[in-house]
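Hello,

Here is the structure I said I would pass on. My notes follow below it.

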Amino acid sequence: MKRIVHLSDLHFGRTRPELLQPLVAAVTEVAPDLVVVSGDLTQRARTREFRAARHFLDSLGARWLAVPGNHDMPLFQPVTRFLQPFRKYREMISYDLEPCHENGLFMVAGINTADRFAHQRGVARGASIRRTCQRFGEGSDDRFHILVAHHPFEQDPSADKAPMKGREAALARLKDCGADVVLSGHLHTWHTGAFLTRPGDPAGPIQVHAGTSLSTRLRGEVNDFALLDMEPGRLTVTRMAVEHDGVHFAERARAVFRREGQGLVAVPGEGVVPKRPGSEGDGDAGKVQRLHKIP
Ligand SMILES: [Fe+2]
Ligand SMILES: [Fe+2]
């Protein structure tokens with residue numbers, strides 16, 4: 001089995017300091033093979049924020065991979081944003097804006113969807129998708145092919161942010177080239193399940209859309225992160241969320257998928273999180289997360 005921890009929207013500069021050590025402890029405890037961060041590592045792309053983010057990543061004791069988000073470009077320095085939008089990110093987090101990691105069971109390919117001209121929306125660039133498909137080998141092996149981007153490729157129409165440019169063509173191409181999972185963030189809300197842009201087609205890539213793992217910028221939800229546990233032909237996605245005590249991460253919901261043809265399908269009835277002693281009244285703890293949050 002292989003395990004990925006998916007963090008998102010850390011927003012150093014607007015973090016909850018009391019949550020920092022619990023998050024490090026939670027990630028360390030689950031001993032992932034890879035930590036993936038889907039952007040917005042900082043609040044305002046300041047040097048001290050990048051430094052704190054890098055220190056945090058290096059303290060996890062695991063290999064990590066990150067892509068930038070819109071907050072990782074300077075907002076109030078238009079000249080710098082125009083000429084060198086990712087200078088500090090490259091210097092302090094990763095020179096490679098579209099990193100890749102692979103092993104015998106999965107491949108993770110990052111793409112940079114942050115854009116200086118579409119600061120909030122972001123862009124799924126054709127060149128990034130083509131490179132990702134080349135990396136995935138057009139789905140020619142049985143490994144899990146996982147793309148990570150900051151902006152979601154599909155979102156609830158009621159979301160208060162404009163959807164990413166180029167998302168529909170990119171998603172169609174990703175499906176054709178063997179993508180299994182798309183990891184994203186940006187909206188600061190949790191969602192996992194099938195993309196709804198393939199009506200009548202039960203198998204295909206799924207999305208895992210993590211909320212903010214560490215910041216105060218909650219959208220009526222709690223801080224969370226995702227665990228992806230993989231074994232051949234089977235993927236379990238677990239939402240690890242802050243409990244009502246406010247300082248511990250615990251399993252909140254789980255969904256199971258199995259490989260079928262060109263993609264993944266949900267396995268009904270296997271997503272139940274066992275109730276823990278004292279979890280009575282924990283809201284949705286112990287229940288299966290709805291796979292289709294988008295109407
Ligand atoms: Fe964010
Ligand atoms: Fe964002």
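Which protein donors does the iron ion (ligand 2) have? They are Asp40 (OD), Asn70 (OD1), His150 (NE2) and His186 (ND1), at 2.2 to 2.3 Å. Donors here are N, O and S atoms within 2.8 Å of the metal (3.2 Å for Na, K and Ca), and sites may look incomplete because water is not among the atoms.

This is a predicted model, in which local features need pLDDT of at least 70 and side-chain atom pairs count only at pLDDT 80 or more, while totals for chains, interfaces and linings use all residues. Residues are numbered from 1 along each chain as its sequence is written, chains are lettered from A and ligands numbered from 1 in the order in which they are written, and side-chain values use heavy atoms, without hydrogens and water.

Along the chain, the donors of ligand 2 are spaced D-x29-N-x79-H-x35-H. His150 sits in the loop between strand S6 (144-148) and helix H6 (167-176), and His186, 36 residues apart from it, in the loop between strand S7 (181-184) and strand S8 (191-194). Helices (H or I, at least four residues) and strands (E, at least two) are DSSP runs, numbered from the N terminus.

His150 is buried because its relative accessibility is 0%, and His186 is buried at 1%. Val79, in helix H3 (residues 78-83), is exposed at 57%. The cut-offs are under 20% relative accessible area for buried and over 50% for exposed, with partly exposed in between (1.4 Å probe, protein chains only).

Regards
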